[in-house]
Amino acid sequence: MNIREEIKHYTQELIDLRRDFHQHPELGFEEFRSSQIIQNYLIKCGIEVKKIAKTGVVGVLKGNEKGPTVLLRADMDALPIHEENDIAYKSIYEGKMHACGHDGHMAMLLIAAKILSKQKKHINGNIKFVFQPNEEDAGAAEMIREGVLENPTPDVAIGAHLWSSIETGKIGIAEGPIMASSEYFWLKIIGKGGHGGAPHESIDPIICASNIIQEVQAIQSRRINVITEPTVITFGSIQGGSFPIIIPETVELKGSIRCLHNELEKIKELFERKIRCQCQSDETTYELSYKCGNGLLSNDPKTTKLVKDVAVKVVDKDNLVSDVKVMLGEDFSEFSASVPSCFYFIGAGNVKKQTDYFHHHPRFNIDEDALLIGVEIHVRTALDYLK
């Protein structure tokens, strides 16, 4: 089989699938239409299909001979964003948009599944096609709880992301930590309300909150090694007070802690210490809670070499980009924590086509030429691993 020519044969089908998903975006665990399309498609390819995690789909292609199992994953969910692109396949749903490339991920994996299903007699082992719901809010954990890593158990897991900040025709790949762990925090500072003209009669939580915001910045710049422990602490929301001459009783702060290393608990300890000491100094109290966003996504060296060798065949060595570590989170980390894995980026940015807006932007779009590259890497990686 000439893999590249086979993929070209499905170019229009690939684009049509992607545009249909784009036009009909569905939020996490609401991907009912997408899920049904995926199930029907895989069944027509002769692939065993199972529903999982509400709207998730798992297809298993069993080869001609027994052997290892490779897992290929695509995420499915859209975002609560109003699309601003003026395109024929613009979202038909107000306030919902595929602003992260998951529409392309589904399309690429479906075409890869169709091509690989035709090679069943040459495959020694199994291929699991995992279509995951709710990536934006940790849907992978739900799939794992419901047994996606069982019957058969994958020996390796491969994930990919279309990436607008990398030019089309390039692949971003690196071993080790590649996407950050994240914890979302909710912090309430509790003081004593009063009159703005008599602040000495109150305990001002706004002053304390502003001091905490400033003090916390020293964690990133003074308390850790920024080279070996890259960390970002961001305050994204401050809510307090309702009237110019009233000192409020409380102030609420929300934000995130992101680490590209394994010392998240140490950072959380430093974070709370700053809060505790500042509150003691300002005579306030506090309440602090967390919600886990994503775990650290770290690429297994051996699996990464497998994908990198394939990428060289597809785009040539000169088009590999290794400087791709980011502080964004990705719940493929749930798979990589259990299975030797590789997660890589498929360049989809093209200034002339206006596909260089970053992810989650209302004008985000992808260069559809990148879809062909993604399919080829999916197909070659599975075949090379199962030789």
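**Exercise 1. Helices H2 and H3**

Find how the axes of H2 and H3 are arranged in this predicted model, and list the residues that bring H2 and H3 into contact.

*Solution.* Start with the geometry, since two packed helices are described by the angle between their axes and the distance between the axes. Helix H2 covers residues 11-23 and helix H3 covers residues 32-44; their axes cross at roughly 155° and come within 11 Å. Next, compare the angle with the cut-off: angles over 145 degrees count as roughly antiparallel. H2 and H3 are therefore roughly antiparallel to each other.

Now turn to the side of each helix that takes part. H2 contributes Glu13, Leu17, Asp20 and Phe21, while H3 contributes Arg33, Ser34, Ile37, Ile38 and Tyr41. Sorted by class, the contact of H2 with H3 holds 5 nonpolar, 1 polar and 3 charged residues.

**Exercise 2. From H3 to H4**

Work out the orientation of H3 relative to H4 and the make-up of their contact.

*Solution.* First, the numbers: the axes of H3 and H4 are 10 Å apart, and the packing angle is about 15°. That angle makes H3 roughly parallel to H4. Second, the handedness: H3 and H4 form a right-handed crossing.

Third, the residues. On the H3 side you will find Ser34, Ile38, Tyr41 and Leu42, which meet Met106, Leu110, Ile111, Ala113 and Lys114 of H4. The class count for the contact of H3 with H4 is 7 nonpolar, 1 polar and 1 charged.

**Exercise 3. H4 against H10**

Are H4 and H10 parallel or oblique to each other, and what classes of residue make up their contact?

*Solution.* Helix H4 spans residues 102-117 and helix H10 spans residues 369-385; they pack at about 45°, with axes 9 Å apart. H4 and H10 are therefore oblique to each other. As for handedness, H4 passes H10 in a right-handed crossing.

From H4 come Gly104, Met108, Leu109, Ile111, Ala112, Ile115 and Leu116, and from H10 come Ala370, Leu371, Gly374, Val375, His378, Val379, Ala382 and Leu383. The tally for H4 with H10 is 12 nonpolar, 3 polar and no charged residues.

**Exercise 4. Pockets and a cavity**

Give the volume of the two largest pockets and of the largest cavity, and describe their linings.

*Solution.* Rolling a probe the size of a water molecule over the atoms shows where empty space is left. The largest pocket comes first, with a volume of about 350 Å³. It is lined by 14 residues, of which Glu136, Arg258, Leu328, Gly329 and His360 are the closest to its centre. Its lining divides into 5 nonpolar, 5 polar and 4 charged residues.

The second largest pocket holds about 230 Å³. Here 15 residues form the lining, and the closest to the centre are Ile87, Tyr89, Lys353, Thr355 and Asn365. By class, this lining has 4 nonpolar, 4 polar and 7 charged residues.

Finally, the cavity. There is 1 cavity of 30 Å³ or more, and the largest cavity has a volume of about 30 Å³. Its lining consists of Glu135, Glu136, Asp137, Ala138, Tyr184, Gly293 and Asn294, which split into 2 nonpolar, 2 polar and 3 charged.

Conventions. Residues numbered from 1 in each chain as written. Predicted model: local features only at pLDDT ≥ 70, side-chain atom pairs only at ≥ 80, totals over all residues. Heavy atoms only, no water. Axes fitted to C-alpha atoms, helices over the stretch in contact; angles between N-to-C directions. Helix = DSSP H or I, 4+ residues; strand = E, 2+ residues; numbered from the N terminus. Parallel < 35°, antiparallel > 145°, perpendicular 65-115°, else oblique. Left-handed = near helix turned anticlockwise from the far one by under 90°. Contact = heavy atoms within 4.5 Å. Nonpolar A, V, L, I, M, F, W, Y, C, P; charged D, E, K, R; others polar. 1 Å grid on protein atoms, 1.4 Å probe; cavity = no way out; pocket = protein on both sides within 12 Å on 5 of 7 lines; lining within 4 Å. Points joined across faces, edges and corners; volume = space filled by probe spheres on them.
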